[in-house]
Structure formats: C-alpha cells, structure tokens
Amino acid sequence: MAEGIVLQNGGSGGASDELTATAANVLAGRTYVGADTEDEAGAGTMPDNGAMQRVLRAGENVPIPKGYHNGGGTVRAAPLAEQTPGNATAGDILRGKAAWVNGQRVDGSIPVFDTMGPSGTDPRGSLTSEFGIDFNAHTLWMHAPGRNAYYMRKDGYPHICMDSEALGDAVAQQVLQGCTFTSKNGMKIPGAIYRWPLSGDAGGQRVMDAYEHTAFIGEYGAQGVGVFMRMPGGCFIDSTCMWAFAPMPGAIASNIREGVNIGGRWGTMKDYAASCVPFDGAHFDGTHISGWASGSFRYPTTQIWKPLQVGDFGDTGISSQRPSSYNLTWAFTPTVHLGAFRRVRITAFIDIRNCNFVYQGGSRGYAAMSVNFMRIVGGNQGARIVQGAGAATGGFQQHDAGVYQFDIPVETFNEPVVIMVNADISQVQRISQKDALVRAGVSRVELIA
C-alpha cells in the first residue's frame, strides 16, 4: 500500500513505487526516497571523486573511476622532454623504429636479423663461416653472421648454425670403444672399434692372443716359408703390445731334427734317416737304437728289461719227454720317432732243428712272430701297445727254419715309440736221440725315410 508524504511547503509528492532513483544514484552521505526504499528514507552509495587530477605519459591510459565528479579535475599530457629522459642513441634502437630522447626523435640503427632467412622459412638462414674451438675456454665458438644485431625468429627460438660437413665425416666403426666423437653424423657418438685385449706379458713385454689361437706354417710367395697368425681384423691393438701368441703344441725340440733351428728352437730329434740300418745282426750302432730283452717277457705285465747282448736266442736243452714253449721279446731303445720315416722293415727268424710240434690240450703246437710299436709308460717299468704292426704265423716240422720280414708303413705315425719284436713258440718237443735246437732272433731293423 502506498502512503502519501505531506510537504510543509505545500508541494505535492508521489509513492516510492513510482520513483526510479536508487542508492547508487545518490551521493554517499546523502538520504533519499526512491525505488529501492519502500517509501522510507535511504542512504546514497555513489562515490564522490571530487576533482581528480592526472598527468598522462605517452601511451598511458587512465581509467575513469565510477562515481561523482565535480567538474574541477583535469587530465593532461606530460611534456615530451619529461617523458623520454635518458641517453639512448640510434645504436640502442631497432632499425625501422624511432624514439623521443630528451625531446628529440631518434631513428634506430640496430639491424634486425631473422635467423630463418629473409623469407622466414630457411633453416640455414643464419649459417656462419667463422667458427673454431677455444682450447682455453673449452668451447666451440661461432661468429654471428649479422655481427651486432637483433636476432629473431617467428617461433621465438632464434639460432646460429654452421655447416655440419665442417665437423668431419667419422662414423662409429672408425673410433675406439670407450671414446666419443662428434661429426656430421651426430654429436658425442660412442666409438665401436673393439679393443683387442692383452693376455699378459713375456719377460715384461706385453702379449696378445692371436685371433682364434690360429697359427700355421706356410709359403708366402717370394718371402718363402714362415708362420702365419690370424689377426683380429677391425680391432685396435694396444700400442704397448709387442707380440702375438698362438698355441703350436707340436713345435717342441723332440719333434725337430737335431741340429736344425725352427723359429729359434733347436731340435733334439735324432736324424734316423742318416742310416737306414741302425741294427744288423748282433750289432747295435749305439746311436740310433740299442736294445733290451727278456726271454719270458709278456705284456702288459711289468718287469725290468735286461740288456740284449746278441740278436738271437737259442736253446739246446729241449726235452724229449714233454713239450716246451717259448715267448721271446726284443725291445729296441731308445724310442724311435717315426715321424721321420715312411716305412719300418724288420727281418726276424725262427729256426727249429730235430723237433716236432705236438698236440696237447686239443691244439697243435705252432711258431709265430709279430711286431708291435709301444709307448713307454712310467719310465722302463712298463709299456702299452700303440698299434700292432703286423704278424706272421706258421708250423714247422723237423729241420725247418722260418724267416719273417715285416715291411710296415708308418706315414701316419708322429710320435716316439719302442719297436718290439715277439717270437711265440708253442708245444715243441725233441725227437728222441737227436740233437735238438730251438733258436729265434731279430736279424735286421731298417728305418726307411
């Protein structure tokens, strides 16, 4: 419900719902009746800014505050001399730009350099031809191509560049492992050349192992015979290394002919080819082979071999009452290295006089000879067969004699052996009232180169 206000001066009034003024339209500190007071007195809220005073400088904006202004304020521009005090010169201002300095216009002279070139699209637009390494400062330096200038780029990342070809063309396979390098192919690239390791030293001199431990003797054109060693291709060999080593187990003195030097090693192997008949009849030459023998030697039992004085064995004390058996072995020493020879020829015999071979235990007597090559085991206390070298067997009647010749190829042998000849005579019996003889021996040993 609206109520009327009676004014003392007799003026007419109106209801508040017919008014439009609000608190924001009335100065702060003043009262009023308006659209937002419901016929009661309200307090105004409009700020009283009074007479605002401002001095503006070039490019400066002044916001006008909300509220009442009494009309006494001023907004004025500061003098140019007051706005640009200082000591700027053309060299301090970009080319194409100007500034007021101490009341005067100054045109800039600083060049503007787009590092992507005049078009703004060339990545080599800031290429320099002046660069190097400062070894004192430990830096790579490049002269800016525009000298003193303002460098810019549209994306905010100005740059200076140099031709990558100037860094060289090395690749990882040309640089040692454990090292890094920079070239046109990249920066701080790890090297890939394998460092061939040292395996030790010989007398204080460093040694490396030949690749795959490979070494062999061969011909090298006009330079003749020599030792080839496989080297580790594509690898780095330490500068302190003096020698390369590869195993050659056969290069021992006993495998080299006596008096011959191979690779600095003098041989000790006897030159058996100098005499093809080291034993003839009952005589040993004392240089190539001598002999041991036992009238009852049977391998693989061990016993001391006795010195052989003659090249045969004979027995005249043969019984007519019961059969006799003999097993005779001749062992020739020292060992003979068969690597120097192609064949070994041995002549041996069995001579049986006034005797018969008899049956006993279901088998008939016989005579046989065989040759074995033996390797000595444990000095002269035993031996074992390396290879049976052949045998011949036959039966003998009274007054018969048998001669055996063994011609044995030895090209495949390459080791020292004892040559052993064995005679086996079984179940022989003297004819009654006759002078009987059982005799066996080795007549000749030939080493044929």
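Start with the whole protein chain and its contacts (heavy atoms within 4.5 Å). Of those with a separation of 6 or more, 53% join residues 24 or more positions apart. The model is predicted: local features need pLDDT of at least 70, side-chain atom pairs count only at pLDDT 80 or more, and totals for chains, interfaces and linings use all residues. Residues are numbered from 1 along each chain as its sequence is written, and side-chain values use heavy atoms, with hydrogens and water left out.

Colour by secondary structure. The chain has 1 helix and 40 strands (DSSP runs numbered from the N terminus: helices are H or I, at least four residues; strands are E, at least two).

Switch to the surface. Of the 449 residues, 30% count as buried (under 20% relative accessible area; exposed is over 50%, partly exposed in between; 1.4 Å probe, protein chains only).

Select residues 343-353, strand S32, and find aspartate 351 there. Buried or exposed: which is aspartate 351? Aspartate 351 is buried, because its relative accessible area is 8%. Now show side chains. Aspartate 351 makes a polar contact with the side chain of arginine 353, at 2.8 Å (N or O atoms within 3.5 Å, one able to donate a hydrogen and the other to accept it; residues adjacent in sequence count only if both atoms are side-chain atoms).

Finish at strand S21, residues 225-229. Select valine 225 in this strand. Valine 225 is exposed, since its relative accessible area is 57%.
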